[in-house]
Amino acid sequence: MAFVPEAVTLDTLSNGWKTALDFLDEPICLLDLDDRVVQANKTFFARLGCQPEEVIGQPVTRFFHPEGEEDPCPICRARLAQKDTVVTLEADDPRNHSDRSIQVRIGVVRDEQGNPSGIIQHIQDLSLIRAAENKYLDTQKQFRDLFEASPDPQIIVNGDGIIEQANAQCFGVFGYKNIELIGESVEILIPEELRDRHVGLRQMFSNAPRPRTMGSGELSCRRKDGTTLPVEVSLTPISANNEVSVCAVIRDVSERKQAERELHRLASFPELSPIPIMEVTLTGEITYTNSAADDSFVRLNVLGTDHPALLNLSEMIEKVRQSDRAVLRSIEVGAMVYEQQFSYVRENKVVRIYSWDITEIRDMADEMEYFATHDSLTGLVNRSEFDRRINQLIDQSLRENREHALCYIDLDQFKIINDKCGHSAGDELLRQLGRLLQDKIRDTDTLARLGGDEFGLLLTGCGVDKAREIAEQIRKTIAEYRFVWENNVFTVGASIGLVPVTRHSGGVKDLMSAADTACYVAKDTGRDRVHVYQQDDYELGRHIKNIEWAHRLQQALSEDQFCLYKQSIRSTQNPSDERYELLVRMVEEDGTHCSPGAFIPAAERFNLIKNVDKWVVNEAFRLISTGCLNTHEVSINLSGDSLGDTDMINYVVKKLEEYDIDPHGLIFEITETAMITNLANAQKFMSMMHDVGCRFALDDFGSGVSSFAYLQNLHVDYLKIDGDLIRNSVVNKINASMIKAINDIGHAMGVKTVAEFVEDEVIYEKMVEIGIDYVQGYHIDHPKMVKK
């Protein structure tokens, strides 16, 4: 507003003020004390849209407050108060009657005596000012939005190199939040070795500010974690308050640099590639060969189309032009084999030929194909190929009604060689026997190694009688063979199962199962023999029954379908001294209990006996720990297989700790036959368990012929005399004498004796007479199931 000195009178002001104030863009008017317009500047009349003669002398309210408005308004009240003041309000625009925000400055003009003589009214249109401010703010917001929306990091740096602003993208690229950068020197983003150079570049820009890229060559920026990355920097000067700042746009070009390196690498690939690469025109003219092609194909560009790699080019070019895919072919160049790929590049109208050396791959494929059908140890046909050839013979039998034969050959005593000399010796024996048997069969027959020490033989066009003759020759050849290893000479035998292959034989699985069953029968009936499969065969039926028992055993083990019985063992000297032998039973589906004589042979045949032993040990220990057995001593039977199993020793020790059992009350019973068959293992097992505190009883003693020779080398605490000797001891003096001899020798060695099968009072009195320590049998007690 124009400020009027207090001493200036209205007349003095009115003489010269107009000339000065006509240049202002804001309305200013001079009013008398009656609110009439005395004078005004050009802007005042222009804003009213009136001529001076229409306004001078008129009340100012006539123009600013149309009819209907409240009077006096805040401006009028300010004028009537005759005080210098400022009033802001929404008022009608005299030109278009629209509401506008205005600010009115009221100034009082006084005479020489200081009395009010008039009013100066200065009107400012705040709408225009606010519009300008909003436009400025919008411009600032647009800049900020563009600044933040930039896909690249941006910073604004003042003339001193201090970062004043930074957008959010700085965090993703540099690891700095924008608030961490503001106020820091821009050199925080420069690697240490480049900072001095950067200061010089920044000074050069300050001396000649203009939009430009920064520096030459590759630039690097430093991340917060100390790593660097390649960047491009664009600089734009910003002038404000007579100072020049710079907006720097920093672009991470890591991916582009990587792409450039990759492009360069790919560009050099054809020449550096070890794969021969060529380009030919559609007419077959060679336009490019790489070094590998020149070396591999002996200067192809010189030799021309007579070279194997270029034969039939026109045919291959036509094929690849008509196809959307690459076309492959194989060629031979001397001893080498190559696979060529022809690819048509339509934009260049050339055919690229890539040639891979597949010599080794082809050899390897042939080798893999061989080993896919042959046993790696013996070179004989393997199981899968053998099955395939059986299928072929089955199909032939169905089509032509021809008869063939299948032999299943299992070596006898092979395990002895492995145990004594190691697997290397066993492998060598298998190789030698494979070669030996291969020479004994016809070219039309197939000999295969089925696994382990088992072989298979397919006899094509052979009836049962002829097949039996061949099988006997094979058996005899094996039996007569002498295998020498490290000054040791070994003989082995073979049990052979033979089954005819006819149109009624069924599938491969049926034939192999029948042959395996026949082989088992041959082995079970004495070994080193041939057994021909017959469905009504007694031995075969027995084997099948054992298989059924094995299935039921597996189910019983998985479903805990066993229970324990107890039978008393009583002292002849002190009848109150009583202990129990625990006997296992299998629970049938109908709830009946099956005695061990029915399922133990199958358990031993199919390697399930150790699982049964573990179940018995665990259940016995559990019953002892819960007090279900009212005795301090318990006898538990173990099989011969468990004697040689270190895992069984660990299992027993673990269960002793788990159930907190006193080992001194445990007596493990082992049959005489099992002990003699596994003497070394028995000695080891008994010795280790004795150290723990357990005791041992030798069961069925007297059934063998060499028992006494082994007693002094075994940790035996009890001899359980064979029941057949006991049963007939009253009427058979020899049996009585044998019992007495066993008892005497046992006592001489400090071993207690136990008589089994004491079934009546007469036998009991006889045992007391002989001096037997303990008795067991139906006369003493019948087995009873232990209640859990």
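Buried means under 20% relative accessible area, exposed means over 50%, and partly exposed is in between. Keep that at hand for the first exercise on this predicted model.

**Exercise 1.** Classify Ser 687 as buried, partly exposed or exposed.

*Solution.* Start by placing the residue: Ser 687 belongs to helix α26. Next, take its relative accessible area, 27%. This value falls between the cut-offs of 20% and 50%, so Ser 687 is partly exposed. To finish, look along the chain: Val 716 is 29 residues away from Ser 687, and their C-alpha atoms are 9.7 Å apart.

**Exercise 2.** Describe how helices α24 and α26 are arranged, and which residues meet.

*Solution.* Two packed helices are described by the angle and the distance between their axes. Here the axes of α24 (residues 646–659) and α26 (residues 679–692) come within 11 Å and cross at roughly 15°. Angles under 35 degrees count as roughly parallel, so α24 is roughly parallel to α26. The crossing is right-handed. Now for the residues: α24 brings Thr 646, Met 648, Ile 649, Val 652, Val 653 and Leu 656, which meet Lys 684, Phe 685, Met 688, Met 689 and Val 692 of α26. Sorted by type, the residues of this contact are nine nonpolar, one polar and one charged.

Conventions:
Residues numbered from 1 in each chain as written. Predicted model: local features only at pLDDT ≥ 70, side-chain atom pairs only at ≥ 80, totals over all residues. Heavy atoms only, no water. Axes fitted to C-alpha atoms, helices over the stretch in contact; angles between N-to-C directions. Helix = DSSP H or I, 4+ residues; strand = E, 2+ residues; numbered from the N terminus. Parallel < 35°, antiparallel > 145°, perpendicular 65-115°, else oblique. Left-handed = near helix turned anticlockwise from the far one by under 90°. Contact = heavy atoms within 4.5 Å. Nonpolar A, V, L, I, M, F, W, Y, C, P; charged D, E, K, R; others polar. Buried < 20%, exposed > 50% of the residue type's maximum accessible area, 1.4 Å probe, protein only.
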